[in-house]
Amino acid sequence: MNTKTETENKQLQSVASDEVAISMSKVNKWFGNFHVLKDIDLSIYKGERIVICGPSGSGKSTLIRCINRLEEHQDGDISVNGVTLDSNLKNIHAIRSDVGMVFQSFNLFPHLTVLENCTLAPVWVRNMTKTEAQEIAMEYLTRVKIPEQAEKYPGQLSGGQQQRVAIARSLCMNPQIMLFDEPTSALDPEMISEVLDVMIELAETGMTMLVVSHEMGFARRVADRVIFMDYGEIVEQNTPEEFFANPKSDRTKLFLSQILSH
Amino acid sequence: MTEITEQNKVSEKFVPKPSLPPPPNTTGAIGWLRYNLFDGFLSSCLTVLSLIAIGFMCVNFYEWAFAKAVLEAANRQECRITPTEFGTCWAGVKFWFTRFIYGRYTDTEIWRVNFAAIILILWMIPVWLPRVTAKLNIALSGVLIFPFLAGYMFLGGDRNWFMEIMVSVALGCFITVMIHSLLCLFTGAGISRWIIQLTGFSSRSERLHKFPVIMFAVIIFLLSLFLINDVAFKEMPNNLWGGLFLTLVISGIGIASALPAGILLALGRRSKMTVIRVLCVAFIELFRSVPLITILFMATTMFPLFLPEGFHINKLASAIVAVCLFAAAYMAEVVRGGLQAIPKGQYEAAEAVGLTYWQSMGFIVMPQALKYMIPNIVSNFMGLFKDTTLVSIIGLYDLLGMINAVSQDPSWIGLHHEPLFTAAVIFFIGCFAMSKYSQYLERNLGAGHGR
């Protein structure tokens, strides 16, 4: 609670540099005949924090899932940290181990303990020894404030705790970019803030973050840039202050009036 | 708010009523009987009828199995209890029992079969002991490496360089498993920890720890190579194998190979690579649509026709291959069913943390899927165990083959029922044990799994 008020008072300093972390040019994707992403051009700088919002079906999840190749784009170029995403498996694995992802439905591994969830990838992908990986995992579990749950199985935790484990699991790989796909949408209202607190703390460390979310309070406080998508296009992007105060397109205005009206 | 508090003030103190005993005859044994067996006129009638039928069968069975039993006889003719009536000739079963178990295996060499069985049991016991670590490795080595040792012990004869190596590896593994299990039981630390401590590597970096372990493995291998150097068994060609022993060899190899082969086929069928997928689908559909007996006939009679002149294939070997292929096709579909129960999110999460395809299958998907598949897998294993009796039709003397052979023995001619009953009991024991073990596995692996 304490940290929350502190961060509220302190406007987050933008730590974005000029170095490009993710660049997308003319990216197109179809699901069958359905054109999900249309000519997406987007550059994201290191340390930048971006919130993507938009109505359901607008392609925002697909956009971030293209970045670590959970979805394959059919046209255009995506490069992550200078590595171009193509069908080369080596590149895909290199990018995936540098890009962490947090899902709406947590997707923890139910047959492994919380600690094993966190150490599996560092041991097998980063070739750490088990003890090293466990030390790092405990460090991140402490950071998401659940070190005491390390020996439990995911099924024994609440939704908010599971999502924090999922964040810790991603962080254990020491990623340079974190993708969040509606991380709070599947949570009970009371648990949303515990997850958002962790994300805010993460933002303070200067992590490059792409967050698909409808948490407008979070966007206002943390984001360097808010992107609004509809029908597979980026309709508008701006700093949060401008975005909420003076939306340019009438589609954005309508969306904001609906989402902020209650 | 104020209203509620005022109400609380005026409300009387609540005293729960005392609990009364339930109405008579609704609980305990009498209640159970009333509810399950005598619940109304029809139900009572059915119960009485069933009891009469069961009692009738029990009396008849008792009469057949015990009252008319003849335990000592040298041939079937001596089994008569009256000049016109044969008794239940258990003497014949007793006389043939060793044959039922070992087939025509030479009596003086039977200890080899028993010895191999004891080694397998000793190899597998640690898997059930909670204090022992590295259970998966022990089980895997038992399934993958033990067959070479067993194969040599059963077959005997000369060893070529490959068998020499594999038998030594198997013996080395067995020795290691035994030392490891004893160390775990008595000291609580596994063999690798002991090796590292004794060689003084425990203070060094964890990455170097594998070297003394590898050294130990090499030493054990050389030791076993030395141990088996003077050992030579008399050759026992596999047409002498038979009885329950042969049934267990065929179904054991079938069971051991079915699961890994089934997993590969199922993954192949779900693969994005068209060639692999088409091949796997073709294999699975072909072998699932043909009866096992047809495959056995094809393997033993038709397949040799395609081979070059003078090239012989052992009948047992081709039967085993046929059983394995058949079992693999069935298992593939069971595994595919289990894979479909795993949510897409698990695959995505595994990919997103950077695991490769085989890593995510091995660590994330399969362990979860196999748990769902246990009942089906065990059903399949039981089916396979019983289906192996079909090899008696192509002239192998498995348990059923030996049973049939009894009735053709001049001194026991016409003795059918007693041996068949014996076979039924043996199969029931085997299958019931498998079934109970699968239930135990399901309960144990369920620990901590979701809510």
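In the predicted model, A:Arg225 and A:Glu48 form a salt bridge whose closest N and O atoms lie 2.9 Å apart. A:Arg225 belongs to strand S9 (residues 225-230) of chain A, whereas A:Glu48 sits in the loop between strand S2 (34-45) and strand S3 (49-53) of chain A, so the pair ties together parts that are 177 residues apart in sequence. Over all chains, the count of salt bridges comes to 24.

The interface of chain A and chain B was examined next. Chain A contributes 31 residues to the contact and chain B contributes 23 residues. Between them the two chains bury about 2200 Å², with 59% of this area on carbon and sulfur atoms. Of the area that chain A buries against chain B, 22% is supplied by A:Arg96, A:Phe109 and A:His111, more than by any other three residues.

The interface of chain A and chain B holds 2 salt bridges and 7 residue pairs in polar contact, both residues of each pair being at pLDDT 80 or more. A salt bridge is formed by A:Arg65 with B:Glu348, with the closest N and O atoms 2.5 Å apart. On the side of chain A that touches chain B, at least two residues each come from helix H3 (89-98), strand S6 (99-102), helix H4 (114-124) and helix H5 (130-143) of chain A. The residues of that side comprise 16 nonpolar, 10 polar and 5 charged.

Within chain B, a helix pair was characterised. The axes of helix H16 (residues 357-387) and helix H18 (residues 417-445) of chain B come within 10 Å and cross at roughly 170°. Because angles over 145 degrees count as roughly antiparallel, H16(B) and H18(B) are therefore roughly antiparallel to each other. From H16(B), the contact is made by B:Lys371, B:Ile374, B:Pro375, B:Val378, B:Phe381, B:Met382, B:Phe385 and B:Lys386. The residues of H18(B) in this contact are B:Phe427, B:Gly430, B:Cys431, B:Met434, B:Ser435, B:Ser438, B:Leu441, B:Glu442 and B:Leu445. By class, the residues of the contact of H16(B) with H18(B) divide into 11 nonpolar, 3 polar and 3 charged.

Methods. Residues numbered from 1 in each chain as written. Chains lettered and ligands numbered in written order. Predicted model: local features only at pLDDT ≥ 70, side-chain atom pairs only at ≥ 80, totals over all residues. Heavy atoms only, no water. Axes fitted to C-alpha atoms, helices over the stretch in contact; angles between N-to-C directions. Helix = DSSP H or I, 4+ residues; strand = E, 2+ residues; numbered from the N terminus. Parallel < 35°, antiparallel > 145°, perpendicular 65-115°, else oblique. Contact = heavy atoms within 4.5 Å. Nonpolar A, V, L, I, M, F, W, Y, C, P; charged D, E, K, R; others polar. Buried area = accessible area lost by both parts, 1.4 Å probe. Salt bridge = Lys/Arg side-chain N within 4 Å of Asp/Glu carboxyl O. Polar contact = N/O pair within 3.5 Å; in protein donor to acceptor, adjacent residues only side chain to side chain.
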